[in-house]
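Please open the model in your viewer and keep the sequence panel beside it, so that each selection on this tour can be followed in turn.

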Amino acid sequence: MDLEPRLLRYFLAVAQELHFGRAAARLYISQPSLSNQIHNLERTLGTDLFVRNSRQVALTPAGRALLEDAPLALAALERAAERARLAGAGIAGTVRLGYARMAGYETLGAILTAVEHDSPNLTVIASELFSSEVPGRVLAGELDVGLALFPESMRGVRSRLLRAEPLALVFGKHHHLADTDPVPVASLTGETLLMFPRELAPGYYDRVVAACEQHGFQPEIRAFSDPPPQAMVARLRTTREVGIPPASFAYHSAAADPDLVARKIVEPEIMVEWSILWPARVPSEATARFLESARRCAEERGWLDASADDS
């Protein structure tokens, strides 16, 4: 059935006025033209909508039913048209975001706040992943944007360094290093570091190992088999192991749990890099706006030199 929105608007005018002359004047069309349009609508629907005589116009049961639903249908159509217009301009739309779990404690929140400020009609569907998963998901078209630690370079995926963040230590409050702040890397000799398995975040893993090797020791690493960050926190409460996550996660965890402490790492400070990724093809307007908000967020918060290049 080909039902024109214009005919519904004509119907509503007559149904509200219950007078063809007044409805025609309201619509700025002639009365005979309005009568013809209502007849066309009735033929399309296969039923009369009005009872007409020389003295009055009244709605039929079918007309009363249409009067209930027509305003809703027109409003829905107008909303759909407006959403399409906004999406075409990049003001609205949906962005599928995949982010590494450790980003969820500061970096992600800051970016989403910036996006909400810049594009309040933009919908972000966010999902937690491991850094090693993000580039492939972007390449496969499953994500519009990714946020990962040291993501693997992949043809067909572009990236931009977004934030350089120090690692920090987190451990139980009774750990023998709890009274040391900051903690030199050399003090980690003989400690058991609790980390993600290398295959889930190879760049992060290798950066920690390299810092330890520079001080002449091979770190003792326990890759925990249950990798969500909160599982790491639960282990640290009851073991002598040492977590070495991004500082935003370490300090958040310690602030939320009185049984944990977080400490700065020095000599050297160990830095990790968060990158934002997107498909190499021309991004949608919504994705482009998201990326611009993320870039502005990083610049305003001093996460990076503003001249960081895309790759």
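In which loop is the place of serine 119? Select serine 119, and you will find this residue in the loop between α5 (107-118) and β4 (121-129), where helices (H or I, at least four residues) and strands (E, at least two) are DSSP runs numbered from the N terminus. This is a predicted model, in which local features need pLDDT of at least 70 and side-chain atom pairs count only at pLDDT 80 or more, while totals for chains, interfaces and linings use all residues. Residues are numbered from 1 along each chain as its sequence is written, and side-chain values use heavy atoms, with hydrogens and water left out.

Serine 119 counts as buried because its relative accessibility is 1%, buried meaning under 20% relative accessible area, exposed over 50%, and partly exposed in between (1.4 Å probe, protein chains only).

Next, select serine 275 in strand β13 (residues 271-279), which counts as buried at 10% relative accessibility. Leaving aside residues up to four places away in sequence, serine 275 touches several residues, among them Gly146, Pro151 and Arg160 (contact means heavy atoms within 4.5 Å).

Finally, select strand β7 (residues 168-172), where 5 of the 5 residues are buried.
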